[in-house]
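Please look at the sequence and structure below before reading on.

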Amino acid sequence: MAAYSNNYYTGTMRATTQRAPLLGNLVADVCVIGGGLAGLSTAQELSARGRSVVLLEANRVAWGASGRNGGFVLQGWSEGLSAIERRCGRQTAAALFRLSLEGVDIVRDTIARHQLPGCAPTSGKLSVVRYEDGINLQRTRDRMARDFDFELEYLDTEQIRERLKTDRYFQALRDTHGFHFHPLNYCLGLAELFEAGGGVIHERTAMREVVSQAGSHRVTTDQGSVTCRDVVYCCGGYGGAEFGRLRRAFLPIATYVVLTEPLGERLACAVTTTDAVGDNRRASDYYRIVEGDRLLWGGHITTHNLQDEQRLGQLLTRDILAVYPQLQGLKIAKAWSGLMGYARHKMPHIGRLAPGLWTCTSFGGHGMNTAPIGGRVIAEAICGETDRYRLFSAYGLEWNGGPVGPAAAQTVYAYLKLMDKFQEARAHGHR
């Protein structure tokens with residue numbers, strides 16, 4: 001069994017229990033496969049509706065991307081709203097956007113209602129641009145208010161540089177609905193809520209096969225099985241070949257995060273806002289202040305998972321200093337990586353695969369609001385409450401490219417990085 005990775009979140013995690021692996025055979029209404037945020041959210045939503053649920057996790061609860069990400073809980077999806085509108089039409093795009101807001105509200109309300117400890121929710125996110133684009137940002141602000149009834153605050157160059165002391169940023173849109181928090185503690189709290197309501201979690205229990213017949217399903221593991229009416233796959237970026245055509249529909253994409261040593265008074269020379277920050281590049285920098293004077297900074301997307309902590313520290317230190325050269329000499333306390341599941345269309349796989357077989361996965365890059373609403377939508381479908389899952393019908397299981405998929409994705413990423421550099425160089429050259 002893999003232990004939790006050594007990172008900021010595991011160093012500040014709330015106490016948790018180790019759950020025993022599954023030994024023997026169980027019967028339940030639903031078996032949820034995967035103990036990340038998607039699996040926990042789905043399981044909790046089903047349990048709250050009176051279903052008996054067994055959740056199987058191959059490692060530990062929130063061991064993967066759900067417990068080691070940037071901690072941003074924001075409106076929207078990994079795919080941009082304009083692209084969703086082109087593919088699905090205005091009405092469906094608006095409905096999907098409302099779902100994304102509901103996902104933010106689920107997390108916020110769960111923390112508040114159950115007083116989950118250690119989550120530290122902090123409101124505010126700045127989406128900054130690295131070249132002059134104020135007119136388009138104001139148009140976006142106006143369109144979001146007009147077409148989607150969502151308010152964003154526009155910050156001009158002077159206003160943004162009062163908060164973020166760098167000449168890399170020009171303007172920003174501020175989202176006051178979103179927030180940032182401790183994702184691992186949230187997941188651990190959600191697991192306890194699920195168990196308190198009668199749910200069952202088995203860690204160190206990998207699914208090996210699902211056999212379906214006569215309206216029921218048998219989920220087999222190394223030392224046991226679960227017989228159930230419904231199965232929900234919530235495998236994330238670490239899912240293997242046992243997930244069949246679902247695994248062939250997403251790519252495991254790595255992203256990287258570092259935590260600086262305490263910066264003390266130096267931090268105010270660079271960042272003077274508690275808002276989270278993300279830029280507009282294709283593979284953006286994203287960061288926020290934690291513990292009052294440390295930066296938690298993430299960035300880069302690759303199809304190979306670099307795990308050398310020293311190399312990661314050097315890589316992201318360069319990124320930090322490219323934005324804030326006044327922090328020269330900063331030291332990295334921790335560096336870590338994680339795998340996310342990305343579909344080619346950049347939307348999650350939420351829906352029905354076959355009678356009694358459901359998927360709620362592939363939330364790469366934007367999962368902390370979308371996984372919770374995905375779990376709710378699937379629970380509603382299983383319980384016969386709504387068919388909101390059909391809003392995702394345009395986003396099916398597109399082939400990920402097989403063996404050449406990662407190489408193709410890395411080539412696209414390299415091209416997009418070049419485009420970012422070209423845009424920024426042109427912007428700085430015209431100042």
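The points below are grouped by topic, after a note on the model.

The model is predicted, so local features need pLDDT of at least 70 and side-chain atom pairs count only at pLDDT 80 or more, while totals for chains, interfaces and linings use all residues. Residues are numbered from 1 along each chain as its sequence is written, and side-chain values use heavy atoms, with hydrogens and water left out.

**Sheet**

- An open sheet of four strands has the order β1-β11-β10-β9, with mixed pairing; strands are DSSP runs of E with at least two residues, numbered from the N terminus, and two of them pair if DSSP finds at least two bridges between them.
- The edge strands, each pairing on one side only, are β1 (24–27) and β9.
- Direction ignored, neighbouring strands of this sheet are turned by 15° against each other on average.
- Strand β9 (residues 209–213) runs antiparallel to strand β10 (residues 216–220), and five bridges join them.
- In this pair, E209 stands opposite T220, and V211 stands opposite R218.
- β9 and β10 form a hairpin with two residues between them, and A214 in the turn has a positive phi of about 50°.
- β10 is also joined to strand β11 (residues 224–228) by four bridges, again antiparallel, with V219 opposite V226.
- The hairpin from β10 to β11 passes through three residues.

**Helix packing**

- Helix α4 (residues 90–114) packs on helix α9 (residues 367–382) at an angle of about 95°, with the axes 7 Å apart; helices are DSSP runs of H or I with at least four residues, and axes are lines fitted to C-alpha atoms over the stretch in contact, with angles from 0 to 180 degrees between N-to-C directions.
- α4 and α9 are therefore roughly perpendicular, a class that spans 65 to 115 degrees.
- From α4, L99, S100, E102, G103, V104, I106 and V107 meet M368, N369, P372, I373, R376 and V377 of α9, where contact means heavy atoms within 4.5 Å.
- The contact of α4 with α9 has eight nonpolar, three polar and two charged residues; Ala, Val, Leu, Ile, Met, Phe, Trp, Tyr, Cys and Pro count as nonpolar, Asp, Glu, Lys and Arg as charged, and the others, Gly among them, as polar.

**Cavities**

- There are two cavities of 30 Å³ or more; a cavity is a set of points on a 1 Å grid over the protein atoms alone where a 1.4 Å probe fits but cannot get out.
- The largest cavity has a volume of about 50 Å³, volume being the space filled by probe spheres set on the points.
- Residues lining the largest cavity include W77, Y342, K346, F363 and H366, where a lining residue has an atom within 4 Å of a point.
- By class, this lining has five nonpolar, six polar and one charged residues.

How values were computed
Angles under 35 degrees count as roughly parallel, over 145 as roughly antiparallel, 65 to 115 as roughly perpendicular and the rest as oblique. On a 1 Å grid over the protein atoms alone, a cavity is a set of points where a 1.4 Å probe fits but cannot get out, and a pocket is an open set with protein on both sides within 12 Å along at least five of seven lines; lining residues have an atom within 4 Å of a point.
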